[in-house]
Amino acid sequence: MSSILTLSILQSALELGCIYSLVVLALFISFSTLNIADLSTDGCFTLGCAVAACLTLSGHPFLAFGGALLAGLISGFITAFLQTRMGVESILAGIIVNTGLYTINIAVMGFSSNVNLFKCDTIFSLAKEFIKEHLGETVYEVLVTGGWYRLIIAAVIVILISILLTLFLGTRLGLSIRATGDNPSMVKASSINPKLTITVGLCLSSALTALSGGLLAQYQKSCDINLGTGMVTIALASLIIGETLFGKGNMFRRVLGAVFGSCLYRFIVALAIRMNVPAECLKLVSALIVAVAIAFPYVKNKLVFEHHKYKEIRRRKKGGGEHAVVRRNQQNISSGDGK
């Protein structure tokens, strides 16, 4: 077991878990908060990856994240526009945008299916050089040689965004967005424009998705046109894992659960790879993890219900037996008094 659970596997799972957790937080806004099934996630993730890769290739590794955020925001606005202004159902709007983004993504990448960044500076390579030049050999040995600097960068970004998202959802606009997902009719009756709250929510969600794609592009120093395939189902599974383990408490707890669910999902996938699962079967393994994660809350509630039902039946049978004994005793006493 120790040969399977190595430190490098844990590091890799946490790094990817933090990067992909931005997509889970995006789905937390659109799916859990707004109650909208946004199926443009796959294309939007690749869009952020493509924009960030091209800007990084041009020598702007920090501007790449701003470009990815802006591209995701535009994608989210188009999805929201189709829903709120054109009367298109949310699922169809996501499918339409996702389909159109394929052509846009490949155009951004110069009509090439992949882009390599191996000779370009990224935030990870720049951080590595900064540690080497300014923090000394000891820190360099611990952070760079040990491989912790990538995890620290990803974790800092995710923690910062999680805190900002929690604070935003506590503002008046954030509460309006949360109320729109709970009861749109009540929101409209309260003189709040639900079209505005849906638009802001989807723009924010798509921006986080694109930012995750941009961060992944610099992390693995490459971008592929099929990188976002299946991202919405993976993020949904991670979100459900987090909600199952952390429950639905305050907003910070729910955000923390989304991040933890993403890390746990990546850890399970890393274990499957470590156990020499063939590459051809990884999609099947991912599908099984998604199916189990989605079905687990229902099965758990069903088992709890059956357990309570069984206990209630036993209690009633036991109570019924005791009542029968009492009635017989009363009958015997009554027949004895009659005699």
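This is a predicted model: local features need pLDDT of at least 70, side-chain atom pairs count only at pLDDT 80 or more; totals for chains, interfaces and linings use all residues.
Let's start with helix H10. H10 runs from residue 194 to residue 220. How far apart are its end C-alpha atoms? They are 39 Å apart. The helix has 27 residues, and at 1.5 Å a residue they should span 39 Å, so the two values agree.

Now, is H10 out in the open or enclosed? Count the buried residues. 21 of the 27 are buried, so H10 is largely enclosed by the rest of the structure.

Look at the two ends. At the start of H10, a side-chain oxygen of Asn-193 comes to within 3.1 Å of the backbone nitrogen of Lys-195. After the helix comes Lys-221. Lys-221 has a positive phi, near 55°.

Stay in H10 and find Thr-199. Is Thr-199 buried or exposed? Its relative accessible area is 16%, and buried means under 20%, so Thr-199 is buried. Where does its side chain reach? To the backbone oxygen of Lys-195, at 2.7 Å. Leaving aside residues up to four places away in sequence, Thr-199 touches Phe-77, Ala-80 and Thr-84.

The largest pocket has a volume of about 590 Å³. It is lined by 24 residues. Which of them are closest to its centre? Tyr-20, Ile-234, Arg-266, Lys-283 and Ser-286. Several helices supply at least two lining residues each: H1 (7-33), H10, H11 (231-246), H12 (251-274) and H13 (282-338). By class, this lining has 15 nonpolar, 7 polar and 2 charged residues.

The second largest pocket has a volume of about 210 Å³. Its lining includes Phe-62, Phe-65, Ile-123, Leu-211 and Leu-215. Which helices supply at least two residues each? H3 (63-84), H7 (148-168) and H10. The largest share, 4 residues, comes from H7. What about the classes? The lining has 10 nonpolar residues, no polar ones and no charged ones.

Now over to helix H2, residues 41-57, and Leu-55 within it. Leu-55 has a relative accessible area of 22%. Buried would need a value under 20%, and exposed a value over 50%, so Leu-55 counts as partly exposed. What does Leu-55 touch, beyond residues up to four places away in sequence? His-60, Leu-63, Ala-64 and Gly-67. Take Gly-67. Gly-67 is 12 residues from Leu-55 along the chain, and their C-alpha atoms are separated by 7.7 Å.

Last, two loop residues. Most residues other than glycine have a negative phi. Asn-35 is not a glycine, yet its phi is positive, about 60°. Where is Asn-35? In the loop between H1 and H2. Asn-35 has a relative accessible area of 59%, which makes it exposed.

Ser-191 is not a glycine either, and its phi is positive too, about 65°. Ser-191 sits in the loop between helix H9 (184-189) and H10. Buried or exposed? Exposed, because its relative accessible area is 72%.

Technical notes:
Residues are numbered from 1 along each chain as its sequence is written. Side-chain values use heavy atoms; hydrogens and water are left out. Buried means under 20% relative accessible area, exposed over 50%, partly exposed in between (1.4 Å probe, protein chains only). A polar contact is a pair of N or O atoms within 3.5 Å; within protein, one must be able to donate a hydrogen and the other to accept it, and residues adjacent in sequence count only if both atoms are side-chain atoms. Contact means heavy atoms within 4.5 Å. The expected span of a helix is 1.5 Å times one less than its number of residues. On a 1 Å grid over the protein atoms alone, a cavity is a set of points where a 1.4 Å probe fits but cannot get out, and a pocket is an open set with protein on both sides within 12 Å along at least five of seven lines; lining residues have an atom within 4 Å of a point. Grid points are joined across faces, edges and corners, and a volume is the space filled by probe spheres set on the points. Ala, Val, Leu, Ile, Met, Phe, Trp, Tyr, Cys and Pro count as nonpolar, Asp, Glu, Lys and Arg as charged, and the others, Gly among them, as polar.
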